[in-house]
Amino acid sequence: MKAIKYPVVEIFTSIQGEGTHMGLPAAFIRLAGCNLRCRWCDTVHAFDPANATYLTPDEIATGLAPQLVVITGGEPTLHDLGPLVAALHARGKYVAIETNGTNPIPEKWGIDWVTASPKPNSGYLLACQADELKYVVDDEFTLDCVADDAVPPGRIFLQVESARPESAKKAFALVMENPERGLRLGIQLHKILGVD
Ligand code: SF4
């Protein structure tokens, strides 16, 4: 049978700068293609598969040093991730995914950790099970869209938009004024430290 190939835009190592795993060294696998077009998107280079190199699961999984591997995009759930996750698990990796939440994530893929970041232009759709949620706090954001019951308390991050001071102030206020909702202020540590 012909091995599946994935459109890989880039593979790089850095610290995980966001969410529960913040500060851990991680390998990031960025796959091409996305079903949304967010105003603040900082990975527009991942939209077009023409920017990608097509690689097999083994080609991608070989030689990654960190134990934490993050599959991201674009929107990685547009691809059948089962074979890639299996290749990473075969090398002892812990596999996380970053998704916009618009697609279900089949259990058979075996992903260890799901970070979902529902987006306004999908109506904040959350179609998958998640381990943590991230919401970008832009000028229009309100807590009405937050899926409080989808994850345990403390795993809902209100993410500052592109380090904008207005967004930081708003996210800070929302977290402080609603302690019963288990919200956390979300930052991008790698950008603050200038290590991405
Ligand atoms: S879902 Fe993510 S990758 Fe897709 S457009 Fe929005 S921010 Fe960019």
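1. Start with Met-22. In this predicted model, Met-22 sits in the loop between E1 and E2. Gln-16, Gly-17, Ile-187 and Leu-189 touch Met-22, leaving out residues up to four places away in sequence. Met-22 is partly exposed, with a relative accessible area of 32%. Now look at Gly-123. Met-22 and Gly-123 are 101 residues apart along the chain, and 27 Å separates their C-alpha atoms.

2. Next, Ile-29. This residue belongs to strand E2. Is Ile-29 buried or exposed? Its relative accessibility is 0%, so Ile-29 counts as buried. The contacts of Ile-29, leaving aside neighbours within four places in sequence, are Glu-10, Ile-11, Ile-60, Leu-64, Val-69, Val-70, Ile-71, Thr-72 and Leu-88. Ala-46 is 17 residues from Ile-29 in sequence. In space the two are 11 Å apart, C-alpha to C-alpha.

3. How many residues does the largest nonpolar core have? The count is 41. Leu-88 is among those with the most contacts inside this core, together with Leu-81, Tyr-135, Phe-141 and Leu-158. Helix H2, residues 82-89, gives the most to the core, with four residues.

4. Stay with H2. Which of its residues are buried? They are Gly-82, Leu-84, Val-85, Ala-87 and Leu-88. Several elements cover these buried residues of H2. Among the strands are E1 (6-15), E2 (25-31), E4 and E5 (94-99). Helix H1 (57-61) is also part of the cover.

5. Where is His-79? His-79 lies in the loop between strand E4 (68-72) and H2. The cut-off for buried is under 20%. Tyr-6, Pro-7, Leu-31, Ala-32 and Trp-109 touch His-79, again not counting residues up to four places away in sequence. Gly-74 is placed in the loop between E4 and H2 too. The peptide bond from Gly-73 to Gly-74 is cis, and its omega is near 10°.

6. The residues around the ligand are Cys-34, Leu-36, Arg-37, Cys-38, Cys-41, Thr-43, Phe-47, Gly-74, Asn-100 and Lys-119. What kinds of residue make up this shell? Five are nonpolar, three are polar and two are charged. Which pocket does the ligand take up? The space taken by the ligand is the largest pocket.

7. Tyr-124 is in the loop between strand E6 (113-116) and E7. Phi of Tyr-124 is near 55°, a positive value in a residue other than glycine. Ser-162 is in the loop between E8 and helix H3 (165-177). Phi of Ser-162 is near 50°, also positive in a residue other than glycine.

8. Finish with the loop between E7 and E8. Glu-140 lies in this loop, between strand E7 (132-137) and strand E8 (156-160). Glu-140 has 60% relative accessibility, so it counts as exposed. The cut-off for exposed is over 50%. Pro-120 is 20 residues from Glu-140 along the chain. Their C-alpha atoms are separated by 9.1 Å.

9. Thr-142 is in the loop between E7 and E8 as well. Thr-142 and Lys-170 are 28 residues apart along the chain. The separation of their C-alpha atoms is 9.9 Å.

Note on methods. Residues are numbered from 1 along each chain as its sequence is written. This is a predicted model: local features need pLDDT of at least 70, side-chain atom pairs count only at pLDDT 80 or more; totals for chains, interfaces and linings use all residues. Side-chain values use heavy atoms; hydrogens and water are left out. A residue is near a molecule or strand if one of its heavy atoms lies within 4 Å of it. On a 1 Å grid over the protein atoms alone, a cavity is a set of points where a 1.4 Å probe fits but cannot get out, and a pocket is an open set with protein on both sides within 12 Å along at least five of seven lines; lining residues have an atom within 4 Å of a point. A molecule sits in a cavity or pocket if more than half of its atoms lie within 2 Å of its grid points. Ala, Val, Leu, Ile, Met, Phe, Trp, Tyr, Cys and Pro count as nonpolar, Asp, Glu, Lys and Arg as charged, and the others, Gly among them, as polar. A nonpolar core is a set of buried Ala, Val, Leu, Ile, Met, Phe, Trp, Tyr and Cys residues joined through side-chain atoms within 4.5 Å. Buried means under 20% relative accessible area, exposed over 50%, partly exposed in between (1.4 Å probe, protein chains only). Helices (H or I, at least four residues) and strands (E, at least two) are DSSP runs, numbered from the N terminus. Contact means heavy atoms within 4.5 Å.
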